[in-house]
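I open this notebook to record what I looked up in the structure, entry by entry.

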Amino acid sequence: MKKLIYFTGVALVFYSLTYGLLKEVPRLPILHETIRNLFYHVTMWFSMIFMFGVSLFYSIKYLKTFRLDDDIRASQAAYTGLAFGVAGLLTGMLWARYTWGTWWTKDPQLNGAAITMLAYFSYHFIRQSIADSEKRARLSAVYNIFAFALMIIFIGVLPRMNDSLHPGKGGNPGFNTYDMDATLRVVFYPALIGWMIIAHWIWNLRIRITNLENRMYEE
Amino acid sequence: MNSIYQIIKIEALQDFKNRYVLSGYLLYLVAVSYVIFLSITSEVSRPVWVALYWITLIFGSINALMKSFYKESKGLALYYHMMASPRTIILAKMIYNLFTNIVIAFINYGLFTLFLGNPFESDVRFIYVIVMGASGIACLLTFMSAISSKTDQAQTSMAILSLPLLIPLLISLVNLSLQLNMPVIRETGYIWLIPLGLNFVIFSLAVLLFPYLWTE
């Protein structure tokens, strides 16, 4: 059953890669053909948020149950989210180069993205600087919750209060500026689901690898 | 309430006994202000002044507040553990660090005025910004000091952990400081509430999460 779901996820992503690049897209000013990046850049960020949400859930669960299994799930979800975030950043920078003319700019959304990456890289740093597994689990769970709450404020709340180059922000959240009625959504939603399934799969694999490594080191 | 006051008194007496900690912080700020004074060759515009002020304050606070949880000898840590609940401890430490940092932020403002001029002239609203900024920075750094004191590399992890989370606060403070000379404040007041809101969030999150750190 799980294999079927994962296979569907890969199939959906392949669909978005092929049909997304081939189909007709609405022509919007500035964006022109680059609106196709919607299927890749935005899906990366959604998958990242999904993974960080999972990580938060397991961090809170760890603080209730104190089982190391929950800690492994939380940390691997954070690392997977980090990988997707880096992919999101790179696709975003590429998109920015061809629409705004620059690789990076001072924009609330980009600031939030950079800080999220920095905060979760610090999470990785704090994990690898503590040797005792129980102490590491507790400290990283606390930091995860703290960082996640601040991230939500900084990515979700502040950009909506300020003007931004990013479409959909500056008081108008969501994708209303795109012609998202039917033409793009046909590819976007399946791509989104596909990437989230792949993220879940990667997370699952990472957990299993970590468990095997731990068992290897114990013997 | 009484135990919070007791712990604040202990903290204050400790800092008074080891005056080198706070005077080290002040000396750092004086030195940095003087270095900036020597490096700046022309008139400093308001955005540059504001940027330098907050950066100096943030890095100084990181250095100073790193010792907040780390400086205790084993005996005092055990004493705290037995005498007070973790909520009391974190409240007391944050309140104490908050007041210390506000005082030092004002001293830094004085230093910057001395060396680089006062871009706000007689505008006293910057005092609100200083109070909000210094208290937010202090609360966040106290909590990060609690986390990093338990790791193996306390100094580096303190800086690495706190800088990403300080950036939102920094951005909101810089924006607010630069807004002060506008004849009409745009966003009708939101921008005044953002540092206050961030402080509130940081403070409550730290108080909620600290008991999980303190179970040793």
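This is a predicted model: local features need pLDDT of at least 70, side-chain atom pairs count only at pLDDT 80 or more; totals for chains, interfaces and linings use all residues.

I then asked how Leu94(A) is classed by accessibility. Leu94(A) counts as partly exposed because its relative accessibility is 45%, and the partly exposed class runs between the 20% limit for buried and the 50% limit for exposed.

Which residues make the nonpolar surface patch of about 480 Å²? I noted Leu94(A), Tyr98(A), Trp103(A) and Trp104(A) as its members. I also checked the spacing of Leu94(A) and Trp104(A), which stand 10 residues apart along the chain. Their C-alpha atoms are separated by 9.4 Å.

I listed the secondary structure of chain A and counted six helices and zero strands. In sequence order the pattern of chain A reads α-α-α-α-α-α. Chain A has 219 residues, and 50% of them are buried. I next took the contacts in chain A between residues at least 6 apart in sequence, and noted that 75% of these join residues at least 24 apart. For the surface, I recorded that chain A exposes about 10800 Å², with 67% of that area supplied by carbon and sulfur atoms.

I then examined where chain B meets chain A. How many residues does each chain bring to the contact? Chain B gives 32 residues and chain A gives 27 residues. The area buried between chain B and chain A is about 2700 Å², and carbon and sulfur atoms account for 78% of this area. I searched for salt bridges between chain B and chain A and the count was zero. Polar contacts, by contrast, are present: I found five residue pairs across the interface of chain B and chain A, both residues of each pair at pLDDT 80 or more.

I asked which helices supply at least two residues each to the side of chain B that touches chain A. They are helix 7 (125–148), helix 8 (154–179) and helix 9 (190–213) of chain B. Helix 9 of chain B gives the most to that side, with 10 residues.

How values were computed:
Residues are numbered from 1 along each chain as its sequence is written. Chains are lettered from A and ligands numbered from 1 in the order in which they are written. Side-chain values use heavy atoms; hydrogens and water are left out. Patches are made of residues with over 30% relative accessible area and no salt bridge: like charges are joined within 9 Å, nonpolar side chains (Val, Leu, Ile, Met, Phe, Trp, Tyr) within 5 Å. Accessible areas come from the Shrake-Rupley method with a 1.4 Å probe; for residues, only the protein chains shown count as cover. A salt bridge is a side-chain nitrogen of Lys or Arg within 4 Å of a carboxyl oxygen of Asp or Glu. Buried means under 20% relative accessible area, exposed over 50%, partly exposed in between (1.4 Å probe, protein chains only). Helices (H or I, at least four residues) and strands (E, at least two) are DSSP runs, numbered from the N terminus. Contact means heavy atoms within 4.5 Å. Buried area is the accessible area (1.4 Å probe) that two parts lose on being put together, summed over both. A polar contact is a pair of N or O atoms within 3.5 Å; within protein, one must be able to donate a hydrogen and the other to accept it, and residues adjacent in sequence count only if both atoms are side-chain atoms.
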